[in-house]
Amino acid sequence: MKQGGLETGPDPVDARLGVRLAELRAEHGWSLGELAERSGVSKSTLSRAERAEISPTASLLNRLCGVYGRTMSQLLSEVEAEPALLVRAADQPVWEDRTSGFVRRSVSPPHSGLRGELVEGRLAPGADIAYDRPPVPGLEQHIWVLEGALDVTAQDTGHHLDAGDCLRLRVWGPTRFRCPGPERVRYALAVVLP
């Protein structure tokens with residue numbers, strides 16, 4: 001794109017939007033021709049929008065949202081500003097369940113443009129937390145014990161983890177996290193959306 005006689009790159013939002021539109025088409029396994037037939041938008045316009053050579057109009061986005069089963073707000077929220085690269089400790093949200101003795105620090109908070117997040121969990125000795133289902137079926141989890149010991153039950157199988165151990169799994173059903181003691185457990189939990 002030219003601006004004042006100088007060549008500049010695409011608008012950052014248009015660039016992220018183009019990438020997301022290409023991802024959506026790939027997720028559906030459609031060629032540009034198939035998407036053109038479904039949306040009534042020419043292949044060349046679709047291609048230029050995916051490469052951020054044009055800024056898509058509201059009408060174009062509305063047609064594509066209809067094909068992908070999204071509202072325009074949903075689509076635009078998926079391409080909001082890039083997440084901060086650095087998350088300072090003071091900016092990491094902490095939540096405490098005093099009843100169960102569970103403290104959760106969102107080290108790398110979720111963002112609509114990213115699939116993973118990193119959580120620090122702390123359980124007091126004897127703390128026992130059970131989840132009846134995952135928030136998203138097939139959620140990928142990596143549980144790395146940093147201090148103490150942790151008992152994890154998933155898919156009706158129990159796992160005892162000591163400091164340094166890592167359990168990797170996809171969560172489809174109930175899970176249980178228990179600190180057998182005598183000290184508290186501190187662990188890192190990497191969560192990746194399917």
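The legends below describe close-up views of one predicted model.

Residues are numbered from 1 along each chain as its sequence is written, and side-chain values use heavy atoms, with hydrogens and water left out. Local features need pLDDT of at least 70 and side-chain atom pairs count only at pLDDT 80 or more, while totals for chains, interfaces and linings use all residues.

**View 1. The largest pocket.**
This pocket holds about 390 Å³ of space. A pocket here is an open set of points on a 1 Å grid over the protein atoms alone, where a 1.4 Å probe fits, with protein on both sides within 12 Å along at least five of seven lines. Its volume is the space filled by probe spheres set on the points, which are joined across faces, edges and corners. The lining has 21 residues; a lining residue has an atom within 4 Å of a point. Arg 104, Tyr 131, Pro 135, Gln 141 and Leu 189 lie nearest the centre. Strands E4 (102-108), E5 (116-123), E6 (128-131), E7 (139-147), E11 (175-178) and E12 (185-192) each supply at least two lining residues. Strands (E, at least two residues) and helices (H or I, at least four) are DSSP runs, numbered from the N terminus. By class, 15 lining residues are nonpolar, three are polar and three are charged. Ala, Val, Leu, Ile, Met, Phe, Trp, Tyr, Cys and Pro count as nonpolar, Asp, Glu, Lys and Arg as charged, and the others, Gly among them, as polar.

**View 2. Salt bridges.**
Side chains of opposite charge can pair when their charged atoms come close. A salt bridge is counted when a side-chain nitrogen of Lys or Arg lies within 4 Å of a carboxyl oxygen of Asp or Glu. The count comes to 14. Glu 147 and Arg 186 form one of them, at 3.3 Å from N to O. That pair links distant parts of the chain, with Glu 147 in strand E7 and Arg 186 in strand E12, 39 residues apart. Both Glu 147, at 34% relative accessible area, and Arg 186, at 22%, are partly exposed. The cut-offs for relative accessible area are under 20% for buried and over 50% for exposed, with partly exposed in between (1.4 Å probe, protein chains only). A network of salt bridges links Arg 105, Glu 120, Glu 147, Arg 184 and Arg 186.
Elsewhere, Arg 20 pairs with Glu 27, their closest N and O atoms 3.1 Å apart. Arg 20 is buried at 13%, whereas Glu 27 is exposed at 55%. Glu 53 and Arg 51 also meet in a salt bridge, at 2.8 Å from N to O.

**View 3. Two nonpolar cores.**
In soluble globular proteins, nonpolar side chains tend to be buried together. A nonpolar core is a set of buried Ala, Val, Leu, Ile, Met, Phe, Trp, Tyr and Cys residues joined through side-chain atoms within 4.5 Å. The largest core has 21 residues. Those with the most contacts inside it are Leu 123, Ile 143, Leu 150, Val 152, Phe 177, Val 185 and Tyr 187. E5, E7, E8 (149-154), E10 (166-171) and E12 each give at least two residues to this core. E12 gives the most, with four. Leu 123 has contacts (heavy atoms within 4.5 Å) beyond four places in sequence that include Ile 129, Leu 150, Phe 177 and Tyr 187. A second, separate core has 17 residues, among them Leu 17, Leu 21, Leu 46 and Leu 64.

**View 4. Asp 128 and its partners.**
Asp 128 lies in strand E6. This residue is partly exposed, at 35% relative accessibility. Leaving out residues up to four places away in sequence, Asp 128 touches Arg 176, Phe 177 and Arg 178. Asp 128 and Phe 177 are 49 residues apart in sequence, yet 5.9 Å apart in space, C-alpha to C-alpha.

Gly 181 and Pro 182 are joined by a cis peptide bond, with omega about 5°. Pro 182 sits in the loop between E11 and E12. Ala 52 has a positive phi, near 60°, and is not a glycine. Its loop runs between helix H3 (43-50) and helix H4 (58-68). Ala 52 is buried, at 6%. Gln 155 also has a positive phi, about 50°. Gln 155 lies in the loop between E8 and strand E9 (157-162), and is partly exposed at 43%.
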